[in-house]
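This report describes how two protein chains pack within themselves and against each other. Please keep the sequence and the structure in view while reading.

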Amino acid sequence: MGYDELRRYDYSLEEHQVALVKAFGDLFEKECPPAVVRASEGSGFAPDLWKRANHMGLTSMSIPASFGGDDSSLLDVALVAEHAGAVLAPVPLVSHVVACRALAWAGAPREVIDAALTGERIVTLALAPVTPAAKQLVPEAAIAGDVLAYEAGEFILHSGSPRKSVPNHAGSAVGWWSPSSSDHRLVLASGADADDLFRRACDEWKILMAASLVGLADRALSIGVEFSKTRKTMRVPIGSLQGVSFPLADGAIGVEGARNLVSRSAWMLENAPDDQPELPRIAFSYAREVAADVVATSVHVQGGLGVSLEADITMYFNRATAWPAPAGRISEDFAEIAAAFASRIR
Amino acid sequence: MDFSTITLSPAQEAFRDELREFLDSHLTEEVYARDRERKDNFDEDFYLALGSRGWLTPEWPKSEGGADLDEVCSVHLEQELERRRAPDYAAGTTRLVWIAVAQCGDPVLREELKPRVASGTARFCLGYTEPEGGSDIAAARTRAVRDGNDWIINGSKMFTTGAHYSQYVFLLVRTDSSLPKHRGLTMFLVPLNSDGVDIQPLHTLGDERTNITYYNDVRVSDRYRIGEVNNGWAVLHGPLDAEHSIGGDSMSVGATHMRPLYEALEATARWANENQASGGSTDDDPLFRSTLGRIIVHAEAGLATPGPMGRVKCTETAVSGARQLVDLVGPVAMLPFGTEGAVGDGEIEFAHRHAQATTIYGGSVEVFRSLIAESILKLPRPDFPGRKNL
C-alpha cells in the first residue's frame, strides 16, 4: 500500500499501447458481436476469431524474442484482454498466453512453442496443484491438448487430446482433467524452479483474468446504464432516480479501481515483483467482486427483462463468476494477501 | 505507465533529513497531548514554525515566502505531516481558499495577505454549509446587503472547522435572492475579528472539533469581496473542484480519509502476531487472515481509485473496514488511547469513530455519486424542485 512510499503512479498509456488497444479493440468489437458469443456457447470457442486474433499476433506478442515472440509486456496483454472480456470473446486468450509464456521460461521444446505461438496448438494451465487421484476442472481443457500442471514439486507439460466439453454456467471450454488423461508427460522443471514457474503462471493468469473481468464489468455496466437512460417510470427515465443511478455509480467506481489495480499489478510483476508480491491476488480478488456486483446490478436495473435469456446481460452475468472460478476461492486469496501484508509489518 | 519508486537526489535526501530533524524536534509529546485535549488538529507554534521554513507554501519561490521545493519534496513533506498527524489543519483550507483569492481577490488585499499566508499568520477557514443546507451549499441563506462601500452580513454557517484559529472565513453569501439559486451568490473573505462574529464549538465523533459561526450585522469592507457580485458560485468552483479533485491527478482524493484505517490494519496485524506469540490465536487462523485480507484489498482498491470516485471508495472502505476490524479483534478493539490493553494504543477504536464523518465532509458521498452518475455515466439528472431555485 502506497501511503509512505515515494512511488510514481502514472497510469497513462504509451503510444504503442494506444495503437494496440485500438487494433484489438476494433477486432473484438467487429468480429465478436453477441451473436458470435451465443453461437459458441456449446463449445466455448470461436475458432475464426481465434485465428484472426493470432494473425494479429495475440499469442506471440508477449513471448520473448528469443522464442520467436514480440517481447512485449504482460501489461500489454492485459490491455488486450480487457477488450476481449468486454465482448465475452470465446477464445482461450488468458490460459493460452500464460501457458505459452511459462513454456518459454521453462525452456520447452522449440517445436511445442512454435506451434503454440500461432495459436494452432492450444495450451492451458491446471490452476490447482495436481493430486494423482483427483480430477479438476481446467479452463479451456475442452479445446487444449496440452496442459501445464504442477505436481509434487514438478512443473509438467501433459500432452494428449482435448477433453470432452462440460456443460457449464459460462458456456466456456472448461473440461475435466487429470494427469491420467495425458498421453505424454514432459517434466519441464523441478524443485524451486518448478515452484517459481507455477506460482508465476498462476499470478499471470489471475492478472489477465482480472483484466478480462474489468472489460466484462465495464461493458455490463454500460448495458445497464444505457437501459436506464431510456426506460421510463412515472414519466422519468429510471436512470435519473438515485435508487438506480447510485448502484450504477458504484459500478463505475469499482471498474475504475479494478482497472488501475490490474495495470499496476501487471507492471509490478514484471518490473518490481518483490515489492508487493500479493498484488496479482489483490487485483484478481477485487476484480471478481466488482464484476459480480456490477453484473447483478445491471441485471437488476433491467428488471424482468434483465433475467430473460434473450438479454445479453445474462451472458455477462454467467461469465462474471464462472470465468475466474477455476483459480480457487476469493477467501483464500484474501488470506494470502493478509499474510503478505503482515510479513512486511513485523 | 510507470510505478517505479522515486530515487532521491542528494538535494532531496538533504531535505528529507532536514524535515525529519525538524519534525522530531517540533512534534513533541506535549504537542500531541495538547492536541488530544483540544481535538482541533492545530498547534499555532508548530504552524508558524512550518511557515518560517516556507513549508506552508512549499512550492512557492523563497522570495515569496515559500521553500522552492520540487514536486517530490512537496509530496514527501505532505506524506510526513500526514503520517505523523501533525496539527496543521489550517494549511489545507488556507491553500484551497488562496486559489480563489489569488484569482479573484482585490490586488491590494492579495499583496497584503500573500506573505502572511506563507508565514502562517493569515489562516482561512471555509464558510459554506448552513444549518439548513447540508451538502447543498448553493442553498445558502446567509445574506449580505450593500451599505455604501461596505456590506452587512447576517446569518450562520455550520462546520466552519478552524474558525477559532483562523483570521478569515471564506464566506458564501446570498446577495440577490431574486435570482436563481446559483446566480445570486457572492464570496467574501470575512475577518473573523469583526464585530458581530460569534464562534461556538461543535465537538465530533472523530475528535475533529469544528464550529458553528454566527454573523450578526457584521460590517465588511467591499475590498474583502472575492470576485464579482453574484458570481460567487464560479469563484467558489476553483477551491471546490480542487477539494473534490476534479481534473486532478490519479491519486485517490479520499486517501487521507482512509489513513486511520490503514494504521488500524497495521496495528491489527502487529497485535495478531504478538497475540500468537503469547499463546493466543489469530495470526495463523485462516478465518482471521481471510477477513483481514478482504479489508486490505478494499483499502488498496480505494487508493487505486482516482479522483472523486476514490473519495467514495476510500471513505466507505474506512467505515466498513473499521467496523470489520472491531469484530475481528474483539472487545479489546474498543479500548481507546491510553487504556491498558488497547490495540495499537487505540488505533482501531479511533479509526472506527473517525471514519464516520469522512463520508460527509467536503461533500457527502451522495454528492459524489450524483456527480459520477451525471458527468461520467451521463445519466439524466434528477429533477428536484429546489435544484435551480431556493
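Which residues does Phe28(A) touch, not counting residues up to four places away in sequence? The model is predicted, and the account below begins with that residue.

## Nonpolar cores

Phe28(A) touches Leu49(A), Val80(A), His83(A), Ala84(A), Val87(A), Ala89(A) and Leu93(A), with residues up to four places away in sequence left out of the list. Both Phe28(A) and Leu93(A) are among the residues with the most contacts inside the largest nonpolar core, together with Leu148(A) and Phe155(A). This core has 161 residues, and the greatest contribution to it comes from helix α7 of chain A (residues 192-230), with 19 residues.

Another core lies apart from it and has 42 residues, including Val97(B), Val101(B), Ala122(B) and Tyr224(B).

## Interface between chain B and chain A

In the interface, 56 residues of chain B are in contact with 56 residues of chain A. The area buried between the chains is about 5200 Å², and carbon and sulfur atoms give 67% of this area. Met1(B), Phe3(B) and Glu300(B) supply 18% of the area that chain B buries against chain A, more than any other three residues.

Polar interactions also cross the interface: 17 residue pairs are in polar contact, counting pairs with both residues at pLDDT 80 or more. On the side of chain B that touches chain A, two or more residues each come from α4 (71-83), α8 (255-277), α9 (286-304), α10 (307-329) and α12 (365-376) of chain B. Of these, α9(B) gives the most, with 14 residues. By residue class, this side of chain B divides into 30 nonpolar, 11 polar and 15 charged residues. The rule finds 4 salt bridges across the interface. Asp2(B) and Arg8(A) meet through their side chains in a salt bridge at 3.9 Å, N to O.

## Salt bridges

Over all chains, the count comes to 52 salt bridges. In chain B, Asp43(B) pairs with Arg34(B), their closest N and O atoms being 2.6 Å apart. Asp43(B) is buried, at 5% relative accessible area, whereas Arg34(B) is partly exposed at 32%.

Lys114(B) and Glu64(B) also form a salt bridge, with the closest N and O atoms 2.6 Å apart. Lys114(B) lies in helix α6 (residues 107-119) of chain B and Glu64(B) in the loop between α3 (44-52) and α4 of chain B, so the pair ties together parts that are 50 residues apart in sequence. Lys114(B) is partly exposed, at 21% relative accessible area, and Glu64(B) is partly exposed at 34%. In chain A, salt bridges that share partners join Glu82(A), Asp218(A), Glu256(A) and Arg259(A) into one network.

Terms used
Residues numbered from 1 in each chain as written. Chains lettered and ligands numbered in written order. Predicted model: local features only at pLDDT ≥ 70, side-chain atom pairs only at ≥ 80, totals over all residues. Heavy atoms only, no water. Contact = heavy atoms within 4.5 Å. Buried area = accessible area lost by both parts, 1.4 Å probe. Polar contact = N/O pair within 3.5 Å; in protein donor to acceptor, adjacent residues only side chain to side chain. Helix = DSSP H or I, 4+ residues; strand = E, 2+ residues; numbered from the N terminus. Nonpolar A, V, L, I, M, F, W, Y, C, P; charged D, E, K, R; others polar. Core = buried A, V, L, I, M, F, W, Y, C linked by side-chain atoms within 4.5 Å. Buried < 20%, exposed > 50% of the residue type's maximum accessible area, 1.4 Å probe, protein only.
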